[in-house]
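Let's take a friendly walk through a protein model. Keep the structure open beside you as you read.

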Amino acid sequence: MTSIVLVEDDQELACWIAEYLRAKQYHVTVYHDGKQAYEASRRSIPDLVILDGMLPSMDGLDICKLIRLHSQVPIIMLTARDEEIDEILGLEMGADDYLTKPVRGRLLETRIKSLLRRINPSQTVCIEQDVFTLGELAICKSARTAELGGIHLKLSTNEFDVLWILAQHAGNVVSRESLSQQLRGFEYDGFDRTIDLRISRLRKKLMDDAAEPYKIKTIWGKGYLLAPEIAR
């Protein structure tokens, strides 16, 4: 069974989400306290975390940031406020996805499945067709690892997925529409800045020039282009 940790202080909502997911054959552990949930995550890492933004004893954003220091487990943030700044903060702290309350069961399950499909922890050995080498940048899909100049890059699930898609088309432009469809499962609406934010975070990990990026170039009006040869 896929193990899910649900961190939600609204006990009625937590009970409903847990019962829904258990009926879908997920193993769900519920915590109502942020600090307790974080300490538990250090002892045993689940397959996925659903994390409320506002929690007693420790804020959900702080928990997300701390989890990212020792794990790349997929994290879905929940919030009661439908504001862009909340989504940006969640993604900046390392969340992989973001949902606003009230939570719809089918949508939550779809997002869970989408995140879990990107990860296959049983695969640890690279095979040739799963590896891209672009200068000093080496990316292995099966192990979900990336190295730049021999140094391991600590990438979140979403950051790796963006990099892998760009690497498949290195030297060519990948549109925001294509990235949105492949990464989020729906069409780009012209306003969503999630893809741009993920690109910005990825550039930092690649030590790209923030003022004039050359490793991941922005092609205005078209999309993004990963350079075919990348150096440290």
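Predicted model: local features only at pLDDT ≥ 70, side-chain atom pairs only at ≥ 80, totals over all residues.

**The nonpolar cores**

The largest nonpolar core contains 26 residues. Inside this core, the residues with the most contacts are L137, L163, L166, L206, I216 and L226. At least two of its residues come from each of β7, β8, α6, α7, α8 and β12. The top contributor is α6, which gives seven residues. To see how L166 connects, look past its neighbours within four places in sequence: L166 is in contact with V174, I199, I216, Y224 and L226. Apart from this core lies another one of 19 residues, including I4, I17, I112 and L115.

Now find D52 in strand β3. Is D52 buried or exposed? D52 counts as buried because its relative accessibility is 3%, and the cut-off for buried is under 20%. An unreviewed UniProt entry carries the annotation "modified residue: 4-aspartylphosphate" for D52.

R203 sits in helix α8. R203 is buried too, yet it has no salt bridge. The nearest side chain of opposite charge belongs to D208, 4.1 Å away.

| Residue | Residues in contact |
|---|---|
| D52 | V7, E8, D9, G60, L78 and K101 |
| R203 | D208, P213, I216, K217, T218 and Y224 |

I216 links two parts of our walk: R203 is in contact with I216, and I216 is among the residues with the most contacts inside the largest core.

Key
Residues numbered from 1 in each chain as written. Heavy atoms only, no water. Helix = DSSP H or I, 4+ residues; strand = E, 2+ residues; numbered from the N terminus. Buried < 20%, exposed > 50% of the residue type's maximum accessible area, 1.4 Å probe, protein only. Lys, Arg positive; Asp, Glu negative; His and termini not counted. Salt bridge = Lys/Arg side-chain N within 4 Å of Asp/Glu carboxyl O. Contact = heavy atoms within 4.5 Å. Core = buried A, V, L, I, M, F, W, Y, C linked by side-chain atoms within 4.5 Å. UniProt positions renumbered as here; feature names shortened; annotations may be inferred.
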